[in-house]
Amino acid sequence: MAKAYIPGNIGPRSSHSCQPRTTVAHVVRSVRMAFVFRVAMQFVGLLLSLLGWVLSMITTYLPQWKNLNLDLNEMENWTIGLWQACVIQEEVGRQCKAFDSFLALPAELRISRILMFLSNGLGLLGLLVSGSGLDCLRTGETRRGLKKGLLILGGILFWSAGLSALAPVSWVAYKTVQEFWDETVPEIVPRWEFGEALFLGWFAGLFLLVGGCLLNWAACSTQAAPASGHQAAAETLTRGPYLENGTTDLRT
């Protein structure tokens with residue numbers, strides 16, 4: 001007795017009928033996760049770089065690059081920065097006086113002024129450039145190469161800004177240590193010590209370097225499709241011809 005034909009019974013292919021839809025969902029989910037991860041890394045890198053730039057600006061104008069505590073008068077402390085020297089007295093408070101001549105400053109302070117200005121300028125330029133290359137911005141979605149180049153350039157600018165911030169604070173710290181242990185100076189003479197601005201400068205340079213590394217890593221990683229391309233990718237997979245095993249042929 002012949003078996004009746006039942007519509008929809010397509011034999012072995014019916015076991016794979018759900019596989020194309022599963023493949024589409026997996027691809028879309030992978031693309032979306034890669035895109036979100038890239039954007040997250042870009043935001044973290046930009047925020048760290050912004051924090052480093054702000055700390056670099058504060059370090060430039062703080063007068064606490066070096067501190068001096070007088071043993072004979074514990075109520076009086078001296079601080080020195082790139083622009084002025086201050087004396088702090090318990091009764092009078094803080095009194096500061098700007099340096100009269102740039103050329104009269106020690107070499108490390110003169111060079112530190114220039115390098116800190118350079119760090120601040122490079123950091124600001126890096127923020128503007130890298131901010132224009134973020135993947136979350138809708139502008140320039142069709143020019144992926146340009147946005148990648150902006151991110152890489154911004155990362156390089158942050159690297160340069162970080163090195164420009166680390167160099168002067170490290171140089172001043174080295175000179176301070178060298179003068180502190182100078183045996184030719186009598187022990188009764190007070191010695192300069194590290195000020196708070198040096199530690200802020202080290203943190204600023206570190207944040208700028210790490211932020212630049214994250215931006216370059218995000219730019220050089222596998223390019224993820226923009227958010228608006230998820231639906232197009234799904235439609236391409238669902239409209240493709242099926243192979244015998246039920247998967248989609250993407251070659252057409």
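This report covers aromatic ring pairs in a predicted model.

## Overview

The structure holds 8 aromatic pairs. A pair of aromatic rings is described by the distance of the centres and the angle of the planes. Two of the pairs are taken up below, Tyr 61 with Trp 83 and Phe 199 with Trp 202.

## Tyr 61 and Trp 83

Tyr 61 and Trp 83 are stacked.

Tyr 61 belongs to helix α1, residues 19-61. Trp 83 sits in the loop between β2 (76-80) and β3 (84-89). The pair therefore ties together parts 22 residues apart in sequence. Tyr 61 is partly exposed, at 46% relative accessible area. Trp 83 is also partly exposed, at 26%.

Ring pairs extend this site into a cluster of Tyr 61, Trp 83 and Phe 117.

## Phe 199 and Trp 202

Phe 199 and Trp 202 form an edge-to-face pair. The centres are 5.6 Å apart and the planes stand at 75 degrees. The cut-off for edge-to-face is over 60 degrees, so the angle of 75 degrees qualifies.

Both residues lie in helix α4, residues 196-220. They are 3 residues apart, about one turn of the helix. Phe 199 has a relative accessibility of 41% and counts as partly exposed. Trp 202, at 27%, is partly exposed too.

Note on methods. Residues are numbered from 1 along each chain as its sequence is written. This is a predicted model: local features need pLDDT of at least 70, side-chain atom pairs count only at pLDDT 80 or more; totals for chains, interfaces and linings use all residues. Side-chain values use heavy atoms; hydrogens and water are left out. Rings of Phe, Tyr and Trp (its six-membered ring) pair if their centres lie within 6.5 Å; planes under 30 degrees apart count as stacked, over 60 as edge-to-face and the rest as tilted. Helices (H or I, at least four residues) and strands (E, at least two) are DSSP runs, numbered from the N terminus. Buried means under 20% relative accessible area, exposed over 50%, partly exposed in between (1.4 Å probe, protein chains only).
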